[in-house]
Amino acid sequence: MTTLAFAILLVASLAAYALNRRAATGIRNGGARLHSVSNYHGLFALLLMLVPVLVVILAWLVLQGSVVNAVVMGALPDGTLTELEKGQVDLILAEIQSISGGRIFGQPEPWKLAAAERLTELRQLAALGLVLVTALLCLAIMIFARKKVSAEFRARQGVERIVSGLMIFCSVVAIFTTVGIVASLAFETYKFLRLVPLSEFLFGLNWEPQIPIRADQIAAAGAFGWIPVIVGTIVITIVAIVIAVPIGLLSAIYLFEFAPKRVRAVAKPLLEILAGVPTVVYGFFAILVVAPAIRIFGASLGIPVAPNTALAAGGVMSIMLVPFISSFADDALSAVPRAMRDGALALGATRAETVLNVLFPAAIPGIVGGVLLAVSRAIGETMIVVMAAGLMANLTLNPLESVTTVTVQIVTLLIGDTSFDNPKTLAAFALGMMLFLVTLIINIFALRIVRKYREAYD
Amino acid sequence: MSNIPSGSVARTKMDKVRGSLSRRHRKQFILQAMGITAISLAFLMLFILLASLISTGHKAFTQTEITLEVFIDPEEISAERLPRGNFDDVLAAALAADLPSVDPNDRAAMRVVGGILSNGAQFQLRDRVVADLSLIGQTIALSVPVSDPYDQLHKGLLDRETPESLRRLDDTQISFYDRLIEIGAITSSLNTGLLTNADSRFPELAGLKGAIMGSFWALLTCFLISFPLGIGAAIYLEEFAPRNRLSDFIEVNINNLAAVPSVVFGLLALAVFIGWFGMPRSAPFVGGMTLALMTMPTIIIATRAALKAVPPSIREAALGVGASRQQVVFGHIVPLAMPGILTGTIIGLAQALGETAPLLLIGMNAFITSAPATPFDSATALPTQIFIWADSPERGFVSRTSAAILVLLTFLITMNAIAIYLRSKFERKW
């Protein structure tokens, strides 16, 4: 039925285009001078129909499910839903939906069968309604648009106004996305903070989010102090940055100053490949190769090494960051004016001295900005740590031990059950909020440094 | 004054400079050597990464199969009871005929014999019989996959030297294998199931079809949403937007969105799309919408760069002959910028194809044994399938994971190659 609605819209808008175009051509052939060429008359009708009706159909589809569900649940016999928690209500709804879909398990109560029947009916009604509304709207708009056709009608301006509006809408989607991120995180974090006090979350030294789901279940009471989680994140980030920065900078300096042109032409795209490898691949590489290698190496030295060390996760992450840092450093070095380089060389400095003492200091702000962006990437990186780092929150600074990170906790807390009313799932959103804020601050700071520096030489 | 030996100062300075030259050149040499070491380290890592993936992954491209003469016993399989029937017993009996050391009446031994075959073998036989009822009572030749431990043994991944108690196959089972090899029943063939099967609990049956279809639907959704939105936003910001606080705010927003960690987009999708709008979990459609939000900034940035590269003379010429601003943009600037826009879009989609974390949060890591027929069915995607297999304890999944990664990398390389081709073919230098 939904497809039918879209088909009606498509056919109707093409018909409206043809109708108005022909009408306009007719006027012109009658000897009148049109303000806009007839093509614009057709386009005007097309857009006038396509845009609003599409909005109506999409809104209908988004709202239909929840409205139908609410009506069905509201029409259940009195008292069936009182004293039930939200999870159980959802379960009943899911059961009714599966009965309506023809998947009946066991012997459901008669009221559930009745509700399922009502659900099926309502869905059919809604689908029929959608088609009817689409058809009527199309017809109305077609008549309205046809009446607009006249020699004086400024169809081109009309079309351009609609297109302009569409483009502004496209640009505003970016704002919507940011607002959506902030709103969803803030809303769930607020719910979390009603269950767990802010001071405990920010300053608590224990992170044990496993809370009992049923009253009689034996589990930890649940502790939500994020200090061990953020410390683990920092440890892994430091490992990654400490390895990636020297390698990235040295290879950038080599490629920028010393490498022959042909080496550069091959080496740069090869480095880009490292940046383009999906992080899930790096994660698998960490558990397949790097972690066992570190364990064997540690054992040969007599050092006990945990199976999922911060060193393995951070080390693999550094491979991902090397091309990132190297390309930022390369950009920063190239942005230093040629005069400074030529001046240093003319005074008799060697190329190494020129790079280290003249170009590098001048490029420092750009490089620092790039490294900061790399730090923000390392903090937000998810798949490598989910696969290679630990799950238990360990308050330690030793990179040979297993630590967990903010992103690992977000993913593990949200895989599986996601009811939005227990502190375990909500904690993931609180962590997400902190992650968003930390990376946002670092990004703004880094972008500012990079931009300020670029302006200095322009 | 003129008799002061003016050269002496200069000479001593020159000597100093000459004397220090070798030290300075050594320093330069060291810096150069360090640079070469650094970049070699990076390439070494790339090499190890690819080598380890290929060396573990290539084994999953072949599948060990066993060819059997199966007598379809009417006592075990009758036409009336189809599709039920003791297909596994029939297969075990066929195998036992090849293994003289086994007593067909010893149930425990027969279970071990049945374990040589993949769990999917009985369904393969069932489908053959259901399709052609006349096969009942006849003997047919059937080629079926062996189960994971035997597959590993055949590929040399299972060490016979390991003590028996630690091995996944005991001595008797290995002797079965040796006997079957001797009579030539076990062969290796190209593993087409890797691309034509959906996921399975049994490594020898697991394939990527579901994941590839899931990724396809997700990418299609992502493209249909992010391409028009991204281009619309980029054209507006680059060509029409007045320089005011709103457009500055949008710019800052887009730059920041490009750097937001991907897992945060997953949280957004979970809370808004699934929590508030009640969209289905695990659906590629929802995954595609999430990826679209992440891809949009990439497309916007690439499109703006492409629009900027079109020379102003074209704009001015079009305006000069009386075109409106929109006619200039849509009739001249955008067509000329199209190769750049498409290149940026393909690179953005390639990034989206490798993205994992947001898809995990919206549940695209479910265990689903059929390929999705529409974008609204539950599915996995290629990267999440890799994550699931990497987490699976069965040894057979290690090589499957590497093979899946190789498939994913093939897709990524293809997309990037198309982008590079488009750029080199259509890029115009003004």
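**Notes on how the parts of this model meet**

1. Let's start inside chain B. Across the interface of domain 1 of chain B and domain 2 of chain B, the rule finds zero salt bridges. Please keep in mind as you read that this is a predicted model.

2. What does join these two domains, then? Two residue pairs are in polar contact across the interface of domain 1 of chain B and domain 2 of chain B, both at pLDDT 80 or more. On the side of domain 1 of chain B that touches domain 2 of chain B, the residues divide into two nonpolar, three polar and two charged.

3. To find the two domains in the structure above, look in chain B at residues 59-191 for domain 1 and at residues 209-426 for domain 2. Their centres, taken over C-alpha atoms, are separated by 46 Å. Seven residues of domain 1 of chain B touch seven residues of domain 2 of chain B.

4. How much area do domain 1 of chain B and domain 2 of chain B bury between them? The figure is about 600 Å², with 57% of it on carbon and sulfur atoms.

5. Next, see how the two chains meet. Their contact takes 80 residues from chain A and 74 residues from chain B. Between them, chain A and chain B bury about 6300 Å², and 80% of that area is on carbon and sulfur atoms.

6. Which side chains form the salt bridge between the chains? The count between chain A and chain B is one, and the partners are B:Arg24 and A:Glu353, at 2.8 Å from N to O. Across the interface of chain A and chain B there are also 10 residue pairs in polar contact, both residues at pLDDT 80 or more.

7. Finally, look at the side of chain A that touches chain B. Its largest share, 21 residues, comes from helix α5 of chain A, residues 155-195. By class, this side of chain A has 55 nonpolar, 19 polar and six charged residues. Helix α5 of chain A is a friendly place to begin when you trace this contact on screen.

Technical notes. Residues are numbered from 1 along each chain as its sequence is written. Chains are lettered from A and ligands numbered from 1 in the order in which they are written. This is a predicted model: local features need pLDDT of at least 70, side-chain atom pairs count only at pLDDT 80 or more; totals for chains, interfaces and linings use all residues. Side-chain values use heavy atoms; hydrogens and water are left out. Domain bounds come from an automatic or database domain assignment. Contact means heavy atoms within 4.5 Å. Buried area is the accessible area (1.4 Å probe) that two parts lose on being put together, summed over both. A salt bridge is a side-chain nitrogen of Lys or Arg within 4 Å of a carboxyl oxygen of Asp or Glu. A polar contact is a pair of N or O atoms within 3.5 Å; within protein, one must be able to donate a hydrogen and the other to accept it, and residues adjacent in sequence count only if both atoms are side-chain atoms. Ala, Val, Leu, Ile, Met, Phe, Trp, Tyr, Cys and Pro count as nonpolar, Asp, Glu, Lys and Arg as charged, and the others, Gly among them, as polar. Helices (H or I, at least four residues) and strands (E, at least two) are DSSP runs, numbered from the N terminus.
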